[in-house]
Amino acid sequence: MPASSSPRPVAYLDHGATSWPKPEQVVHAVTRALTDLGGNPGRGAYAMALAASRAIFESRRTCAELLGVPDSSDLIFQPSCTAGCNLMLKGTLKPGDRVVVGSMEHNAVARPLEHLARTGIEVVVVQGDRTGLVDPDDVEREVRAAPTRAVVCQHASNLTGTIQLIGDLADIAHEHGALMLVDGAQGAGHVDVDIGVLGVDAYATSGHKGMLGPQGVGLLYLSPDLDVRTQVEGGTGGGGSESPDMPIERPDRYEAGTANTPGIVGLGAGAAFLIAEGARQHRRETELVYQLIEGISQIEGFRVLGPPAGAPRVPIVSAVHERLEADRIAFALDRTYGIAARAGLHCAPWAHRTIGTVDCGAVRLGVGWGNTSEHIGLALRALREIVTS
Amino acid sequence: MSGRPLRTFAVLGFATTHTALAAEQLLRDLGVPVTPIPAPASIGNGLCGIALRLEPGDVERADTLLERAELRVAARGDIEDV
């Protein structure tokens, strides 16, 4: 039983939703932003505003270094990955365009595309397989079928942890004159991301999941050659204030309004942490995921979703039980054992439909920074007891 | 009231705060002293963020370094010491 009334879990296994706890450096950076960097960044030249501007500048550069973005001004801060996906899609697609998208997408992409489909954009969905993988050959077949403006795909599934073959998809897209647009919410921070190597035209990601920053901040990389229409207009604090139009220069073109200094600075601290510790962290996550998959697979009645054990995946393990509903399992994990996990459709009905779990949902355990083998052991013991009780 | 004679500085303005701070870092790293100041309305281009103030004698070198780094100066002018 949880020892106190604190909402803090005994074992936090919902990193697919958001990371917790945060590295000390992130907490310190956010605290410093609130105490010492209170000026409005980019709006004044007095010391505290300038300090906030510099902190954001450095955070952007650190994130660019982590993600392999050559020019940090191509990296746009957004309120979330969802906001970044909306800008990436609505800013590039227009009525009459055709877009080819994988069937494992989260609602951050699925809903904007469903909306765009009602405005005259043709959306062609390529079915993934039962492990969640979208086969590049299937995508190529669709891209060949008709002129296509963009291929859209997630980097990794928030349901199955499946890592999509983004480099191959980007090659296919470009070979046929299409853009490659990526929702990297579950990618950045959990797998090495090198934008230059991936060769994508746009890559949106969350700041608070694998990147270890606070909630309320996301990132969007836009290729220097990509002309994206603005979706939000307003003050930027920079040049051309008298113009009725947004500046053409990045990042200001896509960052109207006061920046989220605490969030951005915290995200920068998370990125710096990952630059130093990322490789070790990825190894640890991989070990824990293997322990989790092996353990769940040995509990009678459970079926682990996604790639087979040993295949690459981001640290997400979802499972269904032949008898017990996912919501009941998650509720018991929380109430009886103090273990935080998420049940349901995970804002990814397309993905659940793809792998055949849309009617029952799944219980998802997301591993991340701060997790230990003990946490996994507690979760496995709890799952065993829940299904036998 | 008598005081010291006013000095004239050069001012460089940039389209974004990001570019201004990149320019500041570059110039300082390469030995060109600059001071961020509120962008003066007098240099035009509707700048309302920060600009960089520097010695007039350093402008030519600064221009060379900024051009090499592809950091575009959006506006320029002079300002008297304040």
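Me: Where in chain B is the place of Glu70(B)?
Reply: Glu70(B) sits in the loop between α2 (59–68) and β4 (75–80) of chain B; helices (H or I, at least four residues) and strands (E, at least two) are DSSP runs numbered from the N terminus. The model is predicted, with local features requiring pLDDT of at least 70, side-chain atom pairs pLDDT 80 or more, and totals for chains, interfaces and linings using all residues, while side-chain values use heavy atoms without hydrogens or water. Residues are numbered from 1 along each chain as its sequence is written, and chains are lettered from A and ligands numbered from 1 in the order written.

Me: How do I read the phi of Glu70(B)?
Reply: Most residues other than glycine have a negative phi. Glu70(B), not a glycine, has a positive phi of about 60°.

Me: Which residue of chain A has a positive phi without being glycine?
Reply: His346(A), with phi near 55°. His346(A) lies in the loop between β12 (342–344) and α10 (349–355) of chain A.

Me: Is Glu70(B) buried or exposed?
Reply: Buried means under 20% relative accessible area, exposed over 50%, partly exposed in between (1.4 Å probe, protein chains only). Glu70(B) is exposed, at 72%, whereas His346(A) is buried, at 1%.

Me: Which residues does a cis peptide bond join, with omega about -5°?
Reply: Most peptide bonds are trans. Here Trp20(A) and Pro21(A) are joined by a cis bond with omega about -5°, and Pro21(A) lies in the loop between β1 (11–12) and α1 (24–36) of chain A. The bond from Arg250(A) to Pro251(A) is also cis, with omega near 0°. Pro251(A) belongs to the loop between β8 (218–222) and α8 of chain A.

Me: At what angle do α2(A) and α8(A) pack?
Reply: Helix α2 (residues 47–67) and helix α8 (residues 261–297) of chain A pack at about 35°, their axes 8 Å apart. Axes are fitted to C-alpha atoms over the stretch in contact, and angles run from 0 to 180 degrees between N-to-C directions. Residues in contact (heavy atoms within 4.5 Å) include Ala52(A), Ala55(A) and Ile56(A) of α2(A), and Ile264(A), Val265(A) and Gly268(A) of α8(A).

Me: What pattern does chain B follow along the sequence?
Reply: Chain B runs β-α-β-β-α-β, with two helices and four strands. Its C-alpha trace spans about 45 × 30 × 15 Å along its principal axes. Of the 82 residues of chain B, 50% count as buried. Among contacts in chain B between residues at least 6 apart in sequence, 73% join residues at least 24 apart.
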